[in-house]
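User: I'm new to this one. Could you walk me through how to read a few of its features?

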Amino acid sequence: MKPIEEIRKDFPILERKINGKPLIYFDNAATSQTPVQVINSIVHYYSFLNANIHRGVHTLSQEATDAYEKARVKLQRHFNAKKSSEIIFTSGTTEAINLVANGYASILTEGDEIIISASEHHSNIVPWQFACERSGAILKVIPMDKKGILDLNAFDKLLTNRTKLVCVQHVSNALGNIHPIEIIIEKAHERGAVVLVDGAQSSPHIQADVQALDVDFYVVSAHKMYGPTGVGILYGKEELLNKLPPYQGGGEMIKEVRFEASTYADLPHKFEAGTPNICGGIAFGSAIDYIHELGIENIANYEHKLLEYATQKLKTIDGIEIYGDDNLSKRTAVISFNLKGIHPYDVGTILDKLGIAVRTGHHCVQPIMQFYGISGTIRVSFAVYNTFEEIDFLIESLKKAQMMLQ
Ligand SMILES: *Cc1c(COP(=O)(O)O)cnc(C)c1O
């Protein structure tokens, strides 16, 4: 991998000052920053390629279509899907899950069961609650222990012949825990259930191979993978996507429209009604190129060193409580913690004055906070452009905040 100083030059935002201090960006689990290679592809699109796709006979439309479909193929190759038509562009993870949940709401019947985990992001809880309300299906939850580790024995007991879907995250956005999705997929398949994996938090760090995993649906957002906001994908097995009813009606998703009834287009267009985020899709392809240029394993190895260093340093702070799996090899570079007797929001506010961006609050996972009996945590999450010096400054600043607030 090229040196970190060179990588940092790819990210213009890292030149910014926040409250007069150099920006230290530790909120990568919420959204990652965007390299100039991706920014350039956005500028290039609107400067030279902008046209609606799949419609015009004119050259510009064909060039825009080619660029968009090329991006789809990049994503297919990256996740090792069998066919590019199994890659559906969505506005992100949330929309991808809603697309699948909405379809299953009309397939499931009363008494069917959906299993999620105690660690899910709200976007992998609420759509399934909607699906249960509409179909009469029942939602069940895999419990976790104090370290956020899922209880697989309990999962065994939750699985029944009525289990139709198992929907779990690959990595926890609140704690950074990497869940054993390989085992979960295998056990679910033994019972004939379909598995959706929320890869929003794993995709920037772990190479997922959807065929090797034999996962049925895998969903990600570009903006956590050095890409733009407003775009993501749903990977689904062709056979399952064909069975799923369309999500939205409109242009592009139809074969033939009559007032009596319409017929739907083939995959992937059946799920891509209306004019999509063309530029976003193309820029997502550029973000994948960027990840490949650095190497996803190199990125993860470097981030892991940051995780180990920061964890060891944080542990020297009095009254700190760190959540999540102690075994750092089972975590991505996310650290969630609290300082005894101090509200996370107050710490976040002081860090912001010093130019440090961290996340405070429930991180869209209120059930985890309820589980710990806390209102929220302070979360730092690393990306490939973060440095050991930035961590040193964080530790110094946390100690300062602690003195001011105690
Ligand atoms: C960010 C995130 C989501 C939601 O992604 P959006 O881009 O907001 O749609 C879902 N699940 C996990 C684990 C996440 O980290």
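This is a predicted model: local features need pLDDT of at least 70, side-chain atom pairs count only at pLDDT 80 or more; totals for chains, interfaces and linings use all residues.

User: Which peptide bond here is cis?

Analyst: Here's the general idea: most peptide bonds are trans. In this structure, a cis bond joins Leu 267 and Pro 268, with omega at about 0°. You'll find Pro 268 in the loop between β12 (262–264) and α10 (278–294).

User: And phi? Where does Asn 19 sit, and what is its phi?

Analyst: Most residues other than glycine have a negative phi. Asn 19 has a positive one, near 50°, and sits in the loop between β1 (17–18) and β2 (21–22). Tyr 226 isn't a glycine either, and its phi is positive at about 70°. Look for Tyr 226 in the loop between β9 (217–221) and β10 (232–236).

User: Is Tyr 226 buried or exposed?

Analyst: Buried means under 20% relative accessible area. Tyr 226 has a relative accessibility of 2%, so it counts as buried.

User: Now the ligand. Which side chains have polar atoms by it?

Analyst: Start with Asp 198: an N or O atom of its side chain is 2.5 Å from a ligand nitrogen. His 223 places a polar side-chain atom 2.7 Å from a ligand oxygen, and Lys 224 has a polar side-chain atom 2.7 Å from an oxygen of the ligand. On its own the ligand has 380 Å² of accessible area, and the protein covers 86% of that.

User: What kinds of residues make up the shell around the ligand?

Analyst: One nonpolar, eight polar and two charged residues. Among the residues around the ligand are Thr 93, His 121 and Asn 173. The space the ligand takes is the largest pocket.

Conventions. Residues are numbered from 1 along each chain as its sequence is written. Side-chain values use heavy atoms; hydrogens and water are left out. Helices (H or I, at least four residues) and strands (E, at least two) are DSSP runs, numbered from the N terminus. Buried means under 20% relative accessible area, exposed over 50%, partly exposed in between (1.4 Å probe, protein chains only). A residue is near a molecule or strand if one of its heavy atoms lies within 4 Å of it. A polar contact is a pair of N or O atoms within 3.5 Å; within protein, one must be able to donate a hydrogen and the other to accept it, and residues adjacent in sequence count only if both atoms are side-chain atoms. Accessible areas come from the Shrake-Rupley method with a 1.4 Å probe; for residues, only the protein chains shown count as cover. On a 1 Å grid over the protein atoms alone, a cavity is a set of points where a 1.4 Å probe fits but cannot get out, and a pocket is an open set with protein on both sides within 12 Å along at least five of seven lines; lining residues have an atom within 4 Å of a point. A molecule sits in a cavity or pocket if more than half of its atoms lie within 2 Å of its grid points. Ala, Val, Leu, Ile, Met, Phe, Trp, Tyr, Cys and Pro count as nonpolar, Asp, Glu, Lys and Arg as charged, and the others, Gly among them, as polar.
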